[in-house]
Amino acid sequence: MSRGSDQSRPRPDDRERKRPGLLLGRPFGVPVYVTASWWIVAVLITLVYGGIVQSRLALGPASYLLAFVFAVLLYASVLVHELAHSLVARGYGLPVRRIVLYVLGGVSEIDREAPTPGREFWIAFSGPLLSLLLAAGAFALAHLADPFSVPGELLFQLWIANLLVGVFNLLPGLPLDGGRLLRAGVWKLTGRPHTASVVAAWGGRVLALLVVALPFLFAWSAGSAPGPWAIVWGVLLAGFMWMGATEALNNARVRARVPGLRARELARPVVSVPADLPLAGADRRADEEGADEVVVTDAGGTVVSVVHPAAAEAITDARRAWVPVSDVARALTEHSTVSADLEGEELLTELTRHPLPEYLVREADGALLGLLRASDVNAVISGRSARRG
């Protein structure tokens, strides 16, 4: 089943993640990957559904081929569902990193959260809406075909696949689309996106418990024992939903700390030294001026690099008197400067746009205020104190 859109906030030192699987293509410019775990579900669907097709159409071994086609159609339906999320998000100006199809469905990786509950609603609702429209169209066409023919069976599979994807994702709990719809509603009513995320995430946890219980409730109501496959699928889906809801809770805690980010407060005091100054001399200058960091300037006084703490610490005391700071410094780039006035979401957006280990923090007039380390920002949004010194 589709996981819907994933709008978790990247951290400022995140790099482009490794490819999660095979690149299928770039429809509408959105990279689509399928993981190796997809074959697990494809094989299970082929084995289970193949027997059903054989009983309906008596195609022999071809029944399992048709069952495999159903597995492909199911994931094609998930892909169309995710493309709807991605295209609506892009229409609102939100960057979409990629779509990933995996063992239990798919996810659209959207780099920023929707800025309003209304946009959150439409991004979330677009996927199930398109799935249900496709289900309705396939259902209508299926009634025009012979139900005991291959075209009739394929149309039957198509509307069932889209109906499953659409209805399941409307369940009101994260990480499903219905959870994002619930979040949008609570956000609209309360004006508090953090509270909305917590409510929707706990909705997902409650749903996970219900999914585990359903096979047993159905079996007991019928006076029988639950089937092993029903238990396995219930546990798999519930585990997926529980983990997604837990991740959403963690993301909500992180986002609640973002407004507290202030470049001015997080900037470490610095001392500027020439490139040929020995480390021992830089240490003395830093102690005298109460600086935490050492930046290196060229002959014209322009800051060109930052002393790398680990590299500097690796130099023994005996060698510090003659090893120049330039030997243990890391070069700065054109993106290594941020404004001292940046705060909250604006600061995090700027840092994630160009992920680097450190940034010079400058005042509006260009004066150097200090050095901002990505590790300090990550510490704050993770609930830890920024390391100083």
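**First look at the fold**

Mentor: Of the contacts in the protein with a separation of 6 or more, 66% are between residues 24 or more positions apart; contact means heavy atoms within 4.5 Å. This is a predicted model, where local features need pLDDT of at least 70 and side-chain atom pairs count only at pLDDT 80 or more, while totals for chains, interfaces and linings use all residues. Residues are numbered from 1 along each chain as its sequence is written, and side-chain values use heavy atoms, with hydrogens and water left out.

Trainee: OK, how many helices and strands does the protein have?

Mentor: There are 12 helices and 12 strands. Those are DSSP runs numbered from the N terminus: helices are H or I with at least four residues, strands are E with at least two. The radius of gyration is 27 Å, well over the 21 Å that the globule rule gives for 389 residues, so the protein is more spread out than a compact globule. That radius is taken over C-alpha atoms, and the rule is 2.2 Å times the number of residues to the power 0.38.

Trainee: And what does the C-alpha trace span along its principal axes?

Mentor: About 85 × 45 × 40 Å. As for burial, 46% of the 389 residues count as buried, meaning under 20% relative accessible area, with exposed being over 50% and partly exposed in between (1.4 Å probe, protein chains only).

Trainee: Let's do sheets. Which strands form the open one, and in what order?

Mentor: The order is S6-S7-S8-S9, four strands with mixed pairing. Strand S6 (270-274) and S9 are the edges, each pairing on one side only. For a pair, DSSP has to find at least two bridges between two strands. From one strand to the next the twist averages 35°. Helix H9 (residues 279-289) packs on this sheet, touching S6 and S7, and its direction makes about 150° with that of S6. Axes here are lines fitted to C-alpha atoms, for helices over the stretch in contact, and angles run from 0 to 180 degrees between N-to-C directions.

Trainee: Zoom in on S8. Why is it called largely enclosed?

Mentor: Because four of its five residues are buried, S8 is largely enclosed by the rest of the structure. Strand S7 (residues 293-297) runs antiparallel to S8, joined by three bridges. Strand S9 (residues 329-331) also pairs with S8 in the antiparallel sense, over three bridges.

Trainee: What's in the turn between S7 and S8?

Mentor: That hairpin has five residues between the strands, and Gly301 takes a positive phi near 90°.

Trainee: Switching to helices. At what angle do H2 and H3 cross?

Mentor: Roughly 145°, with the axes of helix H2 (residues 62-91) and helix H3 (residues 117-142) coming within 8 Å. The residues making the contact include Val80 and Ala84 of H2 and Trp122 and Leu130 of H3. By class, that contact has 10 nonpolar, six polar and no charged residues. Ala, Val, Leu, Ile, Met, Phe, Trp, Tyr, Cys and Pro count as nonpolar, Asp, Glu, Lys and Arg as charged, and the others, Gly among them, as polar.

Trainee: How do the residues divide where H5 meets H6?

Mentor: First the geometry: helix H5 (residues 177-190) and helix H6 (residues 193-221) have axes that come within 8 Å and cross at roughly 145°. Among the contact residues are Leu182 and Trp187 of H5 and Pro193 and Val199 of H6. They divide into seven nonpolar, two polar and one charged.
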